[in-house]
Amino acid sequence: MMNADLLSRDEQNISLLLNLLSEDDFYVRYYTLQLLTALLTNSHVRLQEAILTIPRGITRLVDMLMDREVIRNEALLLLTYLTREAEEIQKILVFEGAFEKIFSIIKEEGGSDGGVVVQDCLELLNNLIRSNASNQVLLRETIGFDSLISILKLRGSTYSFSQQKTINLLCVLETIRLLMNGGSEADPAKQSEKSTNKTVLAQRKVLDHLLMLGVESQWASVAVRCAAFRCIGDLIYGHRQNLDALASKFLGDEPQVEPALNSILRIILRTSSTQEFVAADYVFKSFCEENTDGQKVLASTLIPQPLSLTHAPFEEDVNMSFGSMLLHGLALSEHDGDLETSCRAASVLSYILKDNIQCKEKVLKIEIESPTPSLGTPEPLLHRMVKYLALAFSKKGKDVKSTNSYVQPIILKLLVTWLSDCPNAVHSFLASRPHLTYLIELISNNDTTVCVRGLAAVLLGECVIFNKSIESGKDAFSIVDAISQKIGLTSYFQTLEEMQKSFVFSSAKPATKMNDNSVPDVEDIEDDVASDPKNEDHPMLAEMFDSQFVNFIKNLETSIRDGVVNLYSHPKSDVSVIPAELEQRKDEADVDYIKRLKLFLEKQCSEIQDLLNRNTVLAEDLAKTGGGNSSQTEPRPNSGSERVQIEKLKRNLLEASQRVDMLKNDNSKLENEVSSYKTLSAKIENDLKSLSDAYNSLEQANYHLENEVKALKNGGSTMGSGLNIEAIKAEAREEAQKESEAELGDLLVCLGQEQSKVEKLSARLMELGEDVDALLEGIGDDMGAPDDDDDDEDEDNEK
């Protein structure tokens with residue numbers, strides 16, 4: 001490594017080596033390629049950078065692909081090493097015509113039947129298109145996919161599969177998966193490119209070749225069949241046209257023609273390879289994902305068969321419909337104790353039911369005949385699956401790595417999927433009282449794995465959050481009460497937390513994410529984890545429980561915690577005897593009775609609120625203890641007592657605020673009444689002023705008349721005239737007095753009416769608690785002076 005670093009450090013050294021590739025001598029070119037390969041092995045980063053800076057450096061390497069066979073093979077190895085994780089070099093190679101040269105060599109070597117050179121070419125091809133959207137587009141638009149798909153064609157009548165041919169086919173299948181996986185995750189056009197590649201591949205009949213390798217060719221190795229199944233799953237995932245193409249595809253020869261989905265289901269139920277089961281199961285997962293119509297079509301075929309067909313030998317299922325074959329697999333365990341077959345059928349059924357309430361309701365009505373009709377009646381399929389769950393535990397024994405070690409988790413996966421957002425399924429599950437008892441025992445049993453206990457806890461939690469029953473003993477509150485009494489809420493939440501940390505959930509893979517290399521065998525996974533004693537769950541479950549299911553469980557766990565807290569905050573109200581305080585006492589007035597009831601209700605509401613607050617604090621603290629910090633996103637008080645005190649203060653503050661609002665309303669009404677009274681007083685004052693002005697005018701007229709009389713007296717009139725004057729004066733005085741008396745009478749009447757109004761208003765204001773004297777203070781003071789002047793004037797007139 002030191003020598004390689006020293007040699008590659010100087011760019012001129014690399015340039016010299018590349019120039020040697022132009023020499024005529026065969027051995028000079030051959031050893032130069034070997035030297036470059038050795039440098040690349042020990043100092044690849046430095047050599048990649050140097051080759052990129054040298055003019056026509058990559059072009060000289062690509063030209064070596066058209067040299068003699070030995071030189072060509074060495075150049076293939078060099079370019080394969082050179083293109084690993086080097087996107088710029090990948091693009092340059094493609095523009096230099098690498099695709100044409102690669103497929104030309106593969107054709108010369110005989111396609112999939114060729115030797116190790118074909119494998120090297122395919123590995124180089126995979127390096128060029130892995131997570132490289134532009135190179136994938138160039139391959140699709142220039143060379144096309146026909147040359148690639150032609151490698152999958154099986155030639156000859158015997159379909160012999162040598163070891164090298166198997167490796168070559170695996171490399172081609174990996175190429176197809178890379179194309180269906182699209183470019184890098186950061187590419188915004190990733191989804192559209194994936195869809196385009198899938199469409200073009202389907203147009204080139206790749207599905208037929210994949211079905212031939214995965215289903216029809218029994219000579220192919222398990223690895224090839226599994227890779228073909230995974231390619232089928234990727235091809236149909238999220239692609240409507242390809243989904244319809246697979247649904248309408250038929251396999252076999254007359255008269256044994258059957259739908260392709262039936263053939264794949266038969267492989268799932270009958271294969272002896274766990275790896276093949278997982279790969280074929282992925283096809284149904286991809287088929288049902290976000291395919292509501294496809295789920296309904298598959299569910300519509302689930303029709304219970306007569307007892308004779310249900311327990312017929314498994315080899316006679318060739319002519320069965322999809323649903324009959326699936327129900328046959330589900331009922332088989334009751335017949336011969338084959339739990340693994342029922343477990344595999346349950347996995348397929350879980351995909352049919354996922355996120356589809358109509359399918360859940362339909363399958364909920366299916367009943368399976370008892371193996372001995374005289375000893376039992378047909379039971380719902382849901383109840384049969386719970387029975388298999390209990391049977392799997394009884395047969396597991398001490399060997400946790402046995403086949404039955406993954407039966408329970410997969411059956412639980414079906415039940416969890418089935419009960420999710422389906423109250424009728426929850427009701428059916430709880431219809432049999434032993435189901436709840438067994439579920440609680442399963443959670444409490446330390447002999448089961450962490451995954452089994454956790455999934456059982458999730459299933460029990462679904463019986464709480466999706467429970468719409470009001471029947472006593474089966475409602476949500478009763479389930480929580482049973483958890484609290486028989487398991488303990490702390491232990492229950494700890495079980496959920498331990499499941500999230502288990503090997504199965506922590507190693508879950510994305511559902512459609514493509515690994516850099518081919519998918520490892522389940523047997524290889526088993527070897528990797530066999531040395532770890534903590535991994536009690538079957539390694540295959542890491543493949544079955546992908547990231548989608550793990551996220552689904554995490555969301556359910558959060559909903560379960562919130563549901564338990566909500567139930568504790570709003571507990572079930574039981575019907576109780578009416579307290580004596582609510583009865584009206586003898587000779588008690590209705591007003592007093594209403595006041596006493598109001599006080600009693602306020603006291604009861606306060607006590608109930610305190611209980612609700614304490615229950616809420618207990619439930620939240622318990623959920624926090626069981627779930628750690630992951631499920632808590634809001635800060636909480638340091639203790640439950642502080643939380644209760646805060647809630648009490650909030651309630652008191654709310655009540656005080658309500659009282660203030662009431663007082664404000666009353667005060668507003670009083671202010672409005674005072675304002676109206678002030679307006680009325682001002683009106684009365686104006687009326688009095690007008691009357692006073694009229695009286696003053698009369699007094700002035702009278703004064704003028706008296707002055708005229710005096711003038712007449714002083715003028716020396718005769719006695720007769722004096723008598724006449726005296727008569728006129730008396731008459732005028734009498735007339736004026738009558739007018740004044742009439743005006744004063746009217747004034748006194750008005751004053752009496754206004755005085756009455758003032759007295760009533762004063763009484764009303766005193767009832768409302770207002771100070772009448774303070775309100776009337778100052779009213780009429782400005783009228784005092786005119787009144788005094790009028791009195792003085794009256795005295796002068798009388799004189």
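This is a predicted model: local features need pLDDT of at least 70, side-chain atom pairs count only at pLDDT 80 or more; totals for chains, interfaces and linings use all residues.

Colleague: Where do Glu-557 and Arg-561 sit relative to one another in helix H34?

Modeller: The two residues are four apart in helix H34, so about one helical turn separates Glu-557 from Arg-561.

Colleague: Is Arg-561 buried or exposed? And what about Glu-557?

Modeller: Arg-561 is buried, with a relative accessible area of 3%. Glu-557 also counts as buried, at 8% relative accessibility.

Colleague: How many salt bridges does the structure hold?

Modeller: The structure holds 27. One of them pairs Lys-285 with Asp-546, where the closest N and O atoms are 3.2 Å apart. That pair links distant parts of the chain, 261 residues apart: Lys-285 belongs to helix H18 (residues 274–288), and Asp-546 to the loop between helix H33 (541–544) and helix H34 (547–569). Both Lys-285 and Asp-546 are buried.

Colleague: Which residues are linked with Lys-285 and Asp-546 in a network of salt bridges?

Modeller: Glu-289 and Lys-354 are linked with them in that network.

Colleague: What is the salt-bridge partner of Arg-29?

Modeller: Arg-29 bridges to Asp-67, with the closest N and O atoms 3.0 Å apart. Arg-29 lies in helix H3 (residues 26–42) and Asp-67 in the loop between helix H5 (57–63) and helix H6 (69–82), so the pair ties together parts that are 38 residues apart in sequence. Arg-29 is buried at 9% relative accessibility, whereas Asp-67 is partly exposed at 23%.

Colleague: Let us change topic. Which residues form the negative surface patch?

Modeller: It is formed by Glu-731, Glu-735, Glu-739, Glu-743 and Asp-746. Glu-739 is in helix H37 (residues 719–767) and is partly exposed, at 42% relative accessibility.

Colleague: And which residues make the nonpolar surface patch?

Modeller: Leu-688, Leu-748 and Leu-751 make a patch of about 250 Å². Leu-751 lies in helix H37 and is partly exposed, with a relative accessible area of 34%.

Colleague: How many residues of helix H14 are buried?

Modeller: Eight of the eleven residues in H14 (206–216) are buried, so the helix is mostly covered. Among them are His-209, Gly-214 and Val-215.

Colleague: Finally, how many helices and strands are there in the protein chain?

Modeller: The protein chain has 39 helices and four strands. Buried residues account for 45% of its 799 residues.

Technical notes. Residues are numbered from 1 along each chain as its sequence is written. Side-chain values use heavy atoms; hydrogens and water are left out. Buried means under 20% relative accessible area, exposed over 50%, partly exposed in between (1.4 Å probe, protein chains only). Patches are made of residues with over 30% relative accessible area and no salt bridge: like charges are joined within 9 Å, nonpolar side chains (Val, Leu, Ile, Met, Phe, Trp, Tyr) within 5 Å. Accessible areas come from the Shrake-Rupley method with a 1.4 Å probe; for residues, only the protein chains shown count as cover. A salt bridge is a side-chain nitrogen of Lys or Arg within 4 Å of a carboxyl oxygen of Asp or Glu. Lys and Arg count as positive and Asp and Glu as negative; His and the chain ends are not counted. The place of a charge is taken as NZ of Lys, CZ of Arg, CG of Asp or CD of Glu.
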